[in-house]
Structures are given as C-alpha cells and as structure tokens.
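Subject: Structure handover

Hello,

Please find the structure below. My notes on it follow.

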Amino acid sequence: KMAAAGGTGAAAAAAALWSEVNRCGQNGDFARALKPINKILQINKDDVTALQCKVVCLIQNGNFKEALSVINTHTKVLTNDVVAFEKAYCEYRLNRIENALKTIQSASQQTDKLKELYGQVLYRLERYDDCLAAYRDLIRNSQDEYEEERKTNLSAVVAAQSTWEKVMPEDLGLRESTYELCYNSACALIGQGKLNEAMKKLQKAEAFFSFALIFLQDVTEEDIEAELAIIHGQMAYIMQLQGRTEDALQLYNQIIKLKPTDVGLLAVIANNIITINKDQNVFDSKKKVKLTNAEGVEHKLSKKQLQAIEFNKALLAMYTNQADQCRKLSASLQSQSPEHLLPVLIQAAQLCREKQHAKAVALLQDFADQHPANAAEIKLTMAQLKIAQGSVTKACMILRSIEELQHKPGMVSALVTMYSHEEDIDSAIEVFTQAIQWYQQFQASQTRGPKSPVHLSLIREAANFKLKHGRKKEAISDLEELWKQNPKDVHTLAQLISAYSLVDPEKAKILSKHLPSSDTMSLKVDVDALENSHGATYVRKKAGKLTGDNQQKEQGQGDVKKKKKKKKGKLPKNYDPKVTPDPERWLPMRERSYYRGRKKGKKKDQVGKGTQGSTTGGSSELDASRTASSPPTSPRPGSAATVSATSNVIPPRHQKPAGAPATKKKQQQKKKKGAKGGW
C-alpha cells in the first residue's frame, strides 16, 4: 500500500509539473518552462517528451549550443527521426551549414518544416538553382498564411542569381505587393544593369514601407531605421554605379551615422566607400576597413562580397605602403582562388611600386603559363609594363602572342601605332596582312555573302597606311580589292589612279575613264542662298535700290575705279626742311658713331676719393651742420611730441632713394652687355 501510495504521489507530482509546462508554453514563457521540465527529467532522465520540450525551450530562448548539446547527449532517445528539424535548425543558426544539410538529407521523412529549412540552407550555400526548385515546390504544394514569405524568399533567390551568376531572371509572375518584393525586384534589375528602373523600384519599396508603418504597432524606431538603411544603401550603390560618387558618398556616410545593427550592411557600405576613395583619403579608408572586420560579417555576406572586401584590403595596404601586409593578403587570396587574376595583378603592382619590374613581368608570365584561359588579360598587363619600361618592341611581341585578339581592330590599331613609333613599317604592314587574312579565312568558313564591314575597313586602313609611307605597289592590291567590292566608290578609284600614276601611268589612264564626267559631278548650288545662310563666313552686301539721277550716275561711273587718297605722313614738331636729317637717326644712341657716353656728375667725382678717413677740399660744402638754412633730416631728441599724429611724412629710412629705379635699370643693362663670366 505504501508503494502504491508513493507511486500515486509521484504521478500526481509529474502531472502537476506537466500542467505547469503547458501553461508556460501557452503564455510563451519558455525560460520559466525549463524549471518544471528539469524536475520531470530528474524523475525520468530518458523522458522523450520532456527532452523534446527542453530542446524547443532552449531554441526559443536562443540557446542553440545548449539545445544541440542536449540532442547529441541523448542520441539513443532523441534519434534523427524524432528531432531532425530541431537539430538541423540549431546547426543552421550556429552557421554549421554543411552539417545542417546532412541532417536534413538523412531524415527519413521530409516534412514541410524541413523543406522550408532546406530552402534556407541551399540559399546560404549559394546553390541557387536547387534553392529555386525547392521554393517552387513549396509554393505549389502548400497553402497557409506563410505564402507571402515564401514568395519573398523566391524573389530573393532570383535576385541573387541575377547579381552573382549574371543569369537573366525569368518572370515568375510575382505581384509586388510588399516592400520586400519591390526591393528584391530592384536587386535583380541591378544585376541586369537596368539602374534607372532599379532606382524606381527602390523608391516604390520605400513608399510601401512608409505605408506599412501605419498598420504595424510593435515596430521600434531601430527596426524602421534598419529597414530604411538597407533600401538607402542600395540606392547609394546605384548612384555609385551611375558615376554620382559625391551623392553616393553622402548617403553612405548618413547610413553609417545611424549606426545600424546589421554588420553585413555596414561592411558593404564601408567597402564601397573605400572603392570611392581609391588611393586618395587613405586615412578615412583605414577607419572604414575596421567595419569590414566585425564579428559575424562572414556569415552575412556572399562569397563574392567577402572576396571583394579582401581584394580591397590588399589594395589599401599597397596604397598605404604596407608592402608586407599587401603581399600576405594577396598570397592568401591566391591560395583560396588560384585561377583568379586579381591577386596576381596586386602582387605585380606592388613589385612595380618597389621598382622591380622584371620580377613583376616574370610573375605574370608564370601565371599565364599555368592558366592559359586567363593568359590574354595577363599578357595585356605585361605589355603595359614593357611600355612603361620603354621596351615598345617587346610589348608588341607580347601583344601579338595573344591569338584571340590578333584580328581585333583595337589590337591592330595599337600594334600599328606602336610599330610606327618605332619606325618599323614592315612589321606594321605585317600586322595588317595577318588581320586581313584572318577575316578572309573566317569569311571562307561561313556561307557566301558580302564581306564584313570590319574586313573592308581593315583593307582601307592598310591601303592608306601604305600610301602614307610610300608603299604604292603594295597599296594598289588593297585598293583594287576595295574597288572590286564597290565599283561606285569614286574616292577609292581616285586613290587607285593616284597610286598607278606613279607606277604604271598607262594603267592610270585606263582607269581614269571610269571616273564620272564633270557634268554629272557638277553641283546645283544657289550661291545667293549659300552666302545668306547662317553659317556663311562672308556675306555679300545687298545693294540698295537706285532711282533717278543716282542710278544713271552709278551706271556712268561703273567702269571708273575710285582712287584712294594717301594720307600725308606726320613730321616732328622741330622739323627743319633746310637741315639734312641725321642718317644715323634710326640707330640706337649707343650705336651711333658720335656717341661718347654719358658725362659723370661733379659730386660723384668728389665723393669717395682718396684713402679712408681723408677729406677733400669740398668737404666743408658737404657738412650740413655749417649750412644754417638746411632743415634737420630727422627729429632731434625731445622734439617728437611736436609731430602730428596724422602726419603723412615717412621716416627717411623708409623712403626709396631717388633714382633707384634708374640705377637698377642701368645695372640690368650692364649685366646684359657685360662678360659671360659670373661674379
């Protein structure tokens, strides 16, 4: 009886505990529910229901590590079939995405909850095609209140495909009824390069969000700022792509000042500001780069976004002369993506900054040999380095080794220009010949038809180049080919006749018969209308109407030319017709035969003569103290009070000595006419 009574009491206690758990669950108080659950587990540590409830409560409280620990500790009871969703969800929230995928795939039954989580996992793994298929299946086979969220996720997948994989998104027929759908649609348009349309979608999303705030009561100010910050950040990105860098920078800085909690958003904005700064304002860039190192950024951004941030860190290290840091970052990037161009280009740029051009070229050559698919871009960089070193011929050799670009008009033009600079006309003509032959072979492999405009343009450029450099015979074959393609081309025919006139005059005469006659070439032009046109440089004055005697007078004097009266030349005021003018009057005074130089003043001769301290006979005349009438040159002690405060008199030590400009001018003239030797 005592045992029975004890069992009944334990059951009653357990029932009371379960009742409390149920009440806490209905109230959403999951933290409080853990206390009765733990008491139940003390009674029976392998109670499956209690363990499941504990895992759910821990997940609701955000304790994902502890929840996963409970699952892994009780694997015999909590099998994968029982808690597959909870285990996969904990792994997903702990950013163990690959483990979450394995847990989902190992589940015996794929429930709707697992399918929803499966779509999220595929999105994080950037498997967008599989993710798109998963969400389509969910939308097709489920009908509940979460349909709008599934459509939003589906549009996010399409936007990601357009942005990162450059896939043309298909029209899914999603009605843009929420600001999230408008935002995702704008992201898809950015991926397609339709920036103006994308900006309109973002403005529409902002309007939708403002309207939605009327019906949302539990939304905090932080939530509003966070949502608007994402929209405004994308607007600033569009401005940056459109070249409106000042507007973009202003909007980026406004978002940073709001201090949003989304570390991913802050990292992207900081990275974009760094790209605007480039090699300028590096102090601001060094402050912004700290935002890209925040905890959890790697879980918020895509692989391409994280890679772009690392590239910019390496470039910033190069711009701030942190050579070791630049090499370390670029080497790390190269090990992660061996086929990527940027790490090698950054390393080569750093070597060039250190004046090690030969090492930079060798590094690029090694990469081109190991990755032939990317060799074209690398060789273009190598050619640029060779040109910077002054090795134009070697640069041409590198460019000509890029087979897929040899026939391109831009490459042909660059090579011809460089060879012309080096005066290597034969090599320039060879470049033209190879390009023309490539187009001839391409034309032969295609169906018969007219030659491509690029082919004919190359032939014309080759002919003009040969004519310019005196290669008449070589130019004739090109001109004949052009004339054959278009016999009505008078310009080509004229060039051909001009070339033949120097090589084969008889042939030139025969070809000249094909030129159109002068009658057919005459142009019917209204001369008066042409002269009176707006763009005419010379306009003939319209003659006024003549009547009566004036008309007769005009007709009588029409053949008589008016004689213009010559003005008499002006004569000097002191001109005397009786005196013969000086024949040397046109020569400067110094060059005249009778010039004897200027006479020196008497005072100048007297001052400074003799030994130091000696006086001359005229020293008494120079003593100002003996002259009663001479005023004092400076105020005497004690007389300063008598000077007016408003006096304009400048003290003698501030006055410029009389004749100083003339003395300076004289010195300059002497310097010009003096000896070449210095002082």
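**His 371 and its surroundings**

His 371 touches Pro 338 and Glu 339, leaving aside residues up to four places away in sequence; contact here means heavy atoms within 4.5 Å. Between His 371 and Glu 339 there are 6.8 Å in space, C-alpha to C-alpha, and they are 32 residues apart in sequence. His 371 sits in the loop between α19 (357-370) and α20. With a relative accessible area of 19%, His 371 is buried (buried is under 20% relative accessible area, exposed over 50%, partly exposed in between, with a 1.4 Å probe and protein chains only).

Before going on, note that this is a predicted model, in which local features need pLDDT of at least 70 and side-chain atom pairs count only at pLDDT 80 or more, while totals for chains, interfaces and linings use all residues. Residues are numbered from 1 along each chain as its sequence is written, and side-chain values use heavy atoms, with hydrogens and water left out.

**The chain as a whole**

The chain has 33 helices and 0 strands (DSSP runs numbered from the N terminus: H or I of at least four residues for helices, E of at least two for strands). Of its 679 residues, 30% count as buried.

**Two helix pairs**

Helix α20 (residues 375-388) packs against helix α21 (residues 392-400) at an angle of about 170 degrees, with the axes 8 Å apart (axes are lines fitted to C-alpha atoms over the stretch in contact, and angles run from 0 to 180 degrees between N-to-C directions). The angle makes α20 roughly antiparallel to α21, a term used for angles over 145 degrees. On the α20 side, the contact is made by Lys 379, Leu 380, Met 382, Ala 383, Lys 386 and Ile 387; on the α21 side, by Lys 394, Ala 395, Ile 398 and Leu 399. These residues divide into 7 nonpolar, no polar and 3 charged (Ala, Val, Leu, Ile, Met, Phe, Trp, Tyr, Cys and Pro count as nonpolar; Asp, Glu, Lys and Arg as charged; the others, Gly among them, as polar).

Helix α25 (residues 472-485) and helix α26 (residues 490-503) pack at about 150 degrees, with axes 9 Å apart. That makes α25 roughly antiparallel to α26. Their contact has 10 nonpolar, 2 polar and 3 charged residues. Among those meeting there are Ile 476 and Trp 483 in α25, and Leu 496 and Tyr 500 in α26.

Regards

How values were computed: Angles under 35 degrees count as roughly parallel, over 145 as roughly antiparallel, 65 to 115 as roughly perpendicular and the rest as oblique.
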